[in-house]
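Here is a short tour of one structure, meant to be read with the model open beside it.

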Amino acid sequence: MVAAVQQAGSSGAMPHGALPRLGAIKEKKGLSDLRTASTGPKLDIIDIRHAAVEINLKAEVLSLFHTRDGPRMLPTLLLYDERGLQLFEKITYLDEYYLTNDEIDVLKSFATDIVKSIPDGAMVIELGSGNLRKVNLLLQALEDAAKSIDYYALDLSQQELERTLAQLPRYRHVRAHGLLGTYDDGQIWLKDPAIASRQKCILSLGSSVGNFDRSDAAAFLKGFADVLGPGDTMLIGLDACNNPARVYHAYNDKLGLTHEFILNGLRHANRVLGETAFIEKDWKVIGEYVHDAEGGRHQAFYAPKRDTVVRGELIRPHERIRVEQSLKYSAAEAEELWKRAGMTEIGQWRHLEEYGLHMLAKPKMAFSLAPSVYARTALPSLEDWEGLWAAWDVVTREMLPPEEILEKPIKLRNACIFYLGHIPTFLDIQLSKTTQEPYTEPAYYTTIFERGIDPDVDNPELCHAHSEIPDEWPPVDEILAYQGRVRARVRGMYEQGVDGIPRHVGRAVWVGFEHEVMHLETLLYMMLQSDRTRPPPHVPVPDFENLAAKARAERVPNEWFDIPAREITVGLDDPEDGTDVDVPYGWDNEKPARRAKVHAFQAQGRPISNEEFAQYLYSTHADDIPASWARTPATSSEVNPHSQTNGTSNGTTNGAAAVLPDAFLDEKAVRTVYGLVPLKHALDWPVFASYNELAGCAAWMGGRIPTFEEARSVYAHVDALKKEQVEKHLSQIVPAVNGHLCNNGVEISPPATPPASAPASEATATDDDDSELDELDPSSRAGSQALFSNLDGANVGFRHWHPVAVTGWGRGSGGRGAAGRGRPAGQAEFGGVWEWTSSVLQRWEGFEPMALYPRYTADFFDGKHNVVLGGSWATHPRVAGRRSFVNWYQRNYPYAWVGARLVRDVEREEAE
Ligand SMILES: C[S@@+](CC[C@H](N)C(=O)[O-])C[C@H]1O[C@@H](n2cnc3c(N)ncnc32)[C@H](O)[C@@H]1O
């Protein structure tokens, strides 16, 4: 530990306003370098608030204080007003407050090492920056490494941001800015396309993550992880100390500073409430260290010194009101936290065993669900490619066992080895077509790997043109070496960045990317039919039994929603003559954009579940089961280690009592990449089956499968509801933030039209299509991204490696409905399966086969294929989230991961 800090700590009784300057701990620069508000350049502080903190805080104070379930609490945020931040800064100079001292120690020893993971040109965003003296050690190391960095200090108080930023030294390479707002505001700000496109490192120091419950901490980090791109990092300070005395004294210091800091929260509460609800002298602070089944932590409470009445409620002296907790993380708990946040630890620097700084990176194939990240540019970036290749390699090298490579898990299709060669060959062909450069060697691969087979299910003799199948496939190693050369070819094309690739060549690159995306899923659904497929590595096997119990407890009826008549736009315009260089690319079946009038009807909120399908089979005495299921011996627990319970008692579906006997369930399981999961543990998942199977079930359940236009109209309706929700939120908060919103320094006018008070489901007028293509995420309104939907909460892009429960769909505020209100599932919100439509894939006016791959869609206008929308758990967000994307399968094709929801006509409903 550094002497200067200890001296500063020993002056804990420093008067207010006499806090030491950063120079006190700086070793390399003299005081003359310090920038002050009065003499230095203007501070750049960006107001990113979407809501006045005080408004939300008041609501939170009231709900936590007047709670009816559980003990009273007060929000920790109350501690961080301007005075609170100054008191906290003083605490950080105390000897007892080891967290700051240890973290400084780590930073002083390792800052040079730590900043190696932060690339030149990156943004460094510190969440809850407080006093900047610790981060200054990192900034100094970045400066010393001559890295050009934009540092953003995010915190809640304008005055404190001004004061602390003014104390930073003036650097040559590092530019410092402030972000005034909450963590939530920061998350939205990071989605802005201009920001999303930059490399970044998110910092959280001081073990601030420890202030959240463990599950909330994971959600907090995940919220930020989701807006990071591949290669971005997080640096998190986390306290592991579980020495009771050490922890206790850190939060209960001799000088009583921490208790003063906590008591200040009551003053802040009075200000927020606009009344003197708490008389400070009547309250004391109680701190305690706890270590129980939930792990180690310190907790700070308010307790009245005598009987006290607050807002009409009597509080007795024995009552304790928790305002802060500081969780401690063992190595195993930290590991679990990173995993649940979807991040991987790539570096760790510690002070003894107690305090650690952890560098986390986004795994390569962690596809973001935010359009501003996943569809940042019309052409996928090289990072997007690397992520896709990482996913492809996991599936082909780790999940596909070598003995399976020459097999055909689905007899109608090629052997798995074909797809290993097909992906790079197809890409290479497209690249050579547009660049006129020769094929990658061995060029003869183009004759055996160009096109796969997808024969007619009824008559396998009927098959579109495809590559000749050789007597013997080339060796796997040779194919993988070829794959490496084609990938190198792609990397070479990106040498000048995405913008260096001309549009016509870009189309070939894009076609190759989406082709691989689609085949990744095809290969996986083939592998699902094999019992030799290995589970994904590095992903913990889900506890399916527990998940099933949770899903069962959260079930709600599958509601019917009114979908009003509207006119929608289907498809996009993407001229292939290169005239429009910025618009997103689309396949031939997405073009041209066209309008369709859709009548009013009713749709169910979520897809048919496995349980409903089982009831259908049982009631109709059907013998066949869908290909997504398997028959097992009745003792299914032998098949899967997670199936230890006996018989499932059936709940209700759609309000009707279920009558499935255990014997019927016990001999069935659902196929997953983890092996067979007993059907009784997957009852709440969407069922996936052929169109014909699902159409039969839908009719038995009293509905039908929607047409293509109806399904798109449901999505447009959901988009409108989400948009309305966002606007309602904005209209409530805008007046509190100076009548305008600032985003990345750019002012955005509040919505001109006040939100309609009636839900759109009650509207009768035909909606304008604007709602469909409007970006719902207020931070990303850039042109091309209007085509892509925000997939937050959707099970796509490998969020899970299996379908998830859908029977809780539309629950109120605790569920997955649009913030507090039920709504139907929108695009790609089917719990990890696509959505069948009853519309036959057919040629429409204006359809033009694409020049690069003319047979892509045209070969399938045979009247046997139906349109499928959305995406599955294995669909890349670029496809799952694109509002114009269209997929198709033969109506009796049993293997694809497609589910269905019911719709019905309004007239029929009225007649009932
Ligand atoms: C425990 S202090 C840590 C301060 C500093 N990072 C350190 O290590 O000394 C937590 C910081 O986070 C800020 N903070 C707490 N909740 C926040 C929120 N919801 N949004 C933004 N900042 C928040 C506080 O104002 C405070 O500066």
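## A parallel pair in the sheet

In this predicted model, strands β3 (residues 149–155) and β4 (residues 174–180) pair in the parallel sense, with 7 bridges between them. Within this pairing, Leu 154 sits opposite Leu 179 of β4.

Helix α7 (residues 183–190) packs on the sheet and touches β2 (123–127), β3 and β4. The direction of α7 makes about 160° with that of β2.

## The whole sheet

Stepping back, the open sheet has 8 strands with mixed pairing, in the order β1-β4-β3-β2-β5-β6-β13-β12. The edges belong to β1 (45–47) and β12 (344–351); each has a single partner strand, so one side of each lacks a neighbour in the sheet. On average, neighbouring strands here are turned by 20° against each other, direction ignored.

## Two helices side by side

Now for a helix pair: the axes of α4 (residues 98–114) and α5 (residues 133–144) come within 9 Å and cross at roughly 10°. Because angles under 35 degrees count as roughly parallel, α4 is roughly parallel to α5.

On the α4 side, the contact is made by Thr 100, Glu 103, Ile 104, Leu 107, Lys 108, Ala 111, Thr 112 and Ile 114. Helix α5 contributes Lys 134, Leu 137, Leu 138 and Ala 141. By class, this contact of α4 with α5 has 7 nonpolar, 2 polar and 3 charged residues.

## Around the ligand

Which residues are the closest to the ligand? They are Tyr 80, Gly 128, Gly 130, Thr 182 and Gly 206, out of 18 residues that surround the ligand. The shell divides into 7 nonpolar, 9 polar and 2 charged residues.

Definitions and conventions. Residues numbered from 1 in each chain as written. Predicted model: local features only at pLDDT ≥ 70, side-chain atom pairs only at ≥ 80, totals over all residues. Axes fitted to C-alpha atoms, helices over the stretch in contact; angles between N-to-C directions. Helix = DSSP H or I, 4+ residues; strand = E, 2+ residues; numbered from the N terminus. Parallel < 35°, antiparallel > 145°, perpendicular 65-115°, else oblique. Contact = placed C-beta atoms within 7 Å. Nonpolar A, V, L, I, M, F, W, Y, C, P; charged D, E, K, R; others polar. Near = placed C-beta within 6 Å. Pairing = 2+ DSSP bridges.
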